[in-house]
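Work through the two exercises below with the structure open beside you. Try each task before reading its solution.

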Amino acid sequence: MKDQPLELYKAFVDDLVERSPGPYVRWIMEKGWPETEENARVNKVLQELTVEQKEVFVLIAQSSRDGGIHDVLVYLSEQINLNGMDISFGGVALAKEPFGTELYCDWVYRREGDDWPDPE
């Protein structure tokens, strides 16, 4: 199938977008970290925070998570463009920059809610 590399690329990026929120937002705002001995200190502090303070912690945690995903995608993009690395699934390589933008840019655009551009 001709479009398979493009569809795999889109699925790869969109899967990462779906993972972006992560559990920390929910843990900070709602139930706390999983109840373990090593998390007791974190949960004690979270219980003492106001909603506004928790929202600030959520912003910090989410920015950190997004920054980590972005940094990995920058690295992968560099490896793809400079060293010929391929990302493949089932032996089919993902399309390389099918929209004229780097992998990490496409992730940012999709995370922000943009539609996929027309590849033509």
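The exercises treat a helix pair and then a cavity, both in a predicted model.

**Exercise 1.** Describe how helices H1 and H4 pack against each other.

*Solution.* 
Step 1. Two packed helices are described by the angle between their axes and the distance between the axes.
Step 2. Find the helices: H1 covers residues 4-19, and H4 covers residues 51-83.
Step 3. Take the two values. The angle between H1 and H4 is about 160°, and their axes are 10 Å apart.
Step 4. Classify the angle. Angles over 145 degrees count as roughly antiparallel. H1 and H4 are therefore roughly antiparallel to each other.
Step 5. List the residues that touch. H1 contributes Phe12, Leu16 and Arg19 to the contact, while H4 contributes Arg65, Ile69, Leu73 and Leu76.
Step 6. Sort the residues of this contact between H1 and H4: 5 are nonpolar, 2 are charged and no polar residue takes part.

**Exercise 2.** Count the cavities of 30 Å³ or more and describe the lining of the largest cavity.

*Solution.* 
Step 1. Count: there is 1 cavity of 30 Å³ or more.
Step 2. Give the volume, which is about 100 Å³ for the largest cavity.
Step 3. Name the lining of the largest cavity: Tyr9, Ser77, Ile80, Asn81, Asp86, Ile87, Leu94, Ala95, Lys96, Glu97 and Leu103.
Step 4. Find the main contributor. Helix H4 gives the most to this lining, with 3 residues.
Step 5. Sort the lining residues of the largest cavity: 6 are nonpolar, 2 polar and 3 charged.

Notes:
Residues numbered from 1 in each chain as written. Predicted model: local features only at pLDDT ≥ 70, side-chain atom pairs only at ≥ 80, totals over all residues. Heavy atoms only, no water. 1 Å grid on protein atoms, 1.4 Å probe; cavity = no way out; pocket = protein on both sides within 12 Å on 5 of 7 lines; lining within 4 Å. Points joined across faces, edges and corners; volume = space filled by probe spheres on them. Helix = DSSP H or I, 4+ residues; strand = E, 2+ residues; numbered from the N terminus. Nonpolar A, V, L, I, M, F, W, Y, C, P; charged D, E, K, R; others polar. Axes fitted to C-alpha atoms, helices over the stretch in contact; angles between N-to-C directions. Parallel < 35°, antiparallel > 145°, perpendicular 65-115°, else oblique. Contact = heavy atoms within 4.5 Å.
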